[in-house]
Amino acid sequence: MNKQQYMKIYRNTYRGRKSKRVSDWKRAGILFHDYDTLYDIFMETDNCDFCDCRLNIDYKSRKCCDHGHGINDVDNVRGILCHGCNIKDVFSTIEIYENKKSKNLI
């Protein structure tokens, strides 16, 4: 078995998928103190943290790890969102939502 065949098989294993996901996050600038924990949270999340829609493989409702692009030195993960919420500029909306939630206005 050559390396290309081995990598094709490896990418379809749990460790291969996890390794690819974490590598993609790092390349995208996602910082987190424990990527194993982040991966577990990501895989266990079934609903968007913002709009609460069911996450699946459809284009608008696929899982995305939302992060602050301007944060380069500490954890910058804000939540697991659907693609629809992730492409919107919901950062300020999330802050407003969290403030209302903490004051029991929602």
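Predicted model: local features only at pLDDT ≥ 70, side-chain atom pairs only at ≥ 80, totals over all residues.

Rolling a probe the size of a water molecule over the atoms shows where empty space is left. The largest pocket holds about 200 Å³ of space. Its lining has 13 residues, and those closest to the centre are Trp25, Ile30, Cys64, Cys65 and Asn86. Where does the lining come from? Helix α2, residues 14-28, and strand β1, residues 63-67, each give at least two residues. Strand β1 provides the largest share, with 5 residues. Sorted by class, the lining has 5 nonpolar, 3 polar and 5 charged residues.

The chain has 5 helices and 2 strands. From the N terminus, the order is α-α-α-β-β-α-α. The chain has 106 residues, and 27% of them are buried. Take the contacts with a separation of 6 or more: 39% of them join residues 24 or more positions apart. The chain exposes about 7800 Å². Carbon and sulfur atoms supply 51% of that area.

Next, look at α3. This helix covers residues 35-44, and its buried residues are Tyr35, Leu38, Tyr39 and Phe42. Seen down the axis of α3, these buried residues fall within an arc of 100°, so they line one face of the helix. What do they pack against?

Is isoleucine 80 buried or exposed? Its relative accessible area is 2%, so isoleucine 80 is buried, given that buried means under 20%. Leave aside its neighbours within four places in sequence. Isoleucine 80 then contacts several residues, including Phe42, Leu55, Lys63, Cys64 and Cys65. Phe42 is one of the buried residues of α3. Cys64 and Cys65 are among the residues closest to the pocket centre. Now compare sequence with space. Isoleucine 80 and aspartate 66 are 14 residues apart in sequence, and their C-alpha atoms are 5.9 Å apart.

Move on to isoleucine 87, in helix α4, residues 83-87. Isoleucine 87 has a relative accessible area of 52%, so it counts as exposed, since exposed means over 50%. Its C-alpha atom is 9.6 Å from that of cysteine 64, which is 23 residues away along the chain.

One last stop is the loop between α3 and β1, where aspartate 52 is found. Aspartate 52 has a positive phi of about 65°, although it is not a glycine. Its relative accessibility is 53%, so aspartate 52 also counts as exposed.

How values were computed. Residues numbered from 1 in each chain as written. Heavy atoms only, no water. 1 Å grid on protein atoms, 1.4 Å probe; cavity = no way out; pocket = protein on both sides within 12 Å on 5 of 7 lines; lining within 4 Å. Points joined across faces, edges and corners; volume = space filled by probe spheres on them. Helix = DSSP H or I, 4+ residues; strand = E, 2+ residues; numbered from the N terminus. Nonpolar A, V, L, I, M, F, W, Y, C, P; charged D, E, K, R; others polar. Buried < 20%, exposed > 50% of the residue type's maximum accessible area, 1.4 Å probe, protein only. Contact = heavy atoms within 4.5 Å. Areas by Shrake-Rupley, 256 points an atom, 1.4 Å probe, with all protein chains shown as cover. Arc of directions from axis to C-beta.
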